[in-house]
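Dear colleague,

Please find below the structure that I am handing over to you. My notes on it follow directly after.

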Amino acid sequence: MSMQTVKGSCHCGAVEFEVDLIDVHENIRRCNCSICSRKGAIMAGVTLDRLRVVRGADKLSLYQWNTRIAKHYFCSICGIYTHHQRRSVPTEYGYNLACIEGIDLTAIGPIGASNGASQSLVEP
């Protein structure tokens, strides 16, 4: 297996990250939980060691809710969701495919769905 590194950024460029990929994009999906359905992102996933914020970590805002296990990161300047540490698999990051340089989202084909809405939540 050969590794390919792709680059991504938020809209304003304040946050830049790299992702090491084994396959073109792994674990592509949409999620139907309340936050993911509202942000509407197409995500792919990798283990924590394969995503690095290389610029602008100080510009990232962290959003957590309910169980506070998932960590959702957004650029504090332009508001774009870049990536999140998953609640269902905390050893993985999901990242916003639309942030990846040169990606054509229309060429991906069918996109799987994850049923985050069905996961149990802790009442506030």
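**A buried arginine and its surroundings**

Arginine 29 is buried, its relative accessible area being 6%. Please bear in mind that the model is a predicted one, and that the values in this message are computed from it.

Arginine 29 belongs to strand β3, which covers residues 29–31. Although buried, arginine 29 forms no salt bridge. The nearest side chain of opposite charge is that of glutamate 92, at a distance of 5.4 Å, whereas a salt bridge requires a side-chain nitrogen of Lys or Arg within 4 Å of a carboxyl oxygen of Asp or Glu.

Leaving aside residues up to four places away in sequence, arginine 29 touches one run of neighbours comprising Ala41, Ile42, Met43, Ala44 and Gly45, among others. For alanine 41, which lies twelve residues from arginine 29 along the chain, the separation of the two C-alpha atoms is 8.8 Å.

**The protein as a whole**

The protein contains ten strands and one helix. Read from the N terminus, its elements follow the order β-β-β-α-β-β-β-β-β-β-β. The radius of gyration is 14 Å, close to the 14 Å given by the globule rule for 124 residues, so the protein is as compact as a globular protein of that length. Along the principal axes, the C-alpha atoms fill a box of roughly 40 × 35 × 25 Å.

Of the 124 residues, 40% count as buried, and arginine 29 is one of the buried residues. The protein exposes about 7000 Å², of which 51% is supplied by carbon and sulfur atoms. As to contacts between residues at least 6 apart in sequence, 56% of them join residues at least 24 apart.

With kind regards

Key. Residues are numbered from 1 along each chain as its sequence is written. This is a predicted model: local features need pLDDT of at least 70, side-chain atom pairs count only at pLDDT 80 or more; totals for chains, interfaces and linings use all residues. Side-chain values use heavy atoms; hydrogens and water are left out. Helices (H or I, at least four residues) and strands (E, at least two) are DSSP runs, numbered from the N terminus. Buried means under 20% relative accessible area, exposed over 50%, partly exposed in between (1.4 Å probe, protein chains only). Lys and Arg count as positive and Asp and Glu as negative; His and the chain ends are not counted. Contact means heavy atoms within 4.5 Å. The radius of gyration is taken over C-alpha atoms; the globule rule is 2.2 Å times the number of residues to the power 0.38. Accessible areas come from the Shrake-Rupley method with a 1.4 Å probe; for residues, only the protein chains shown count as cover.
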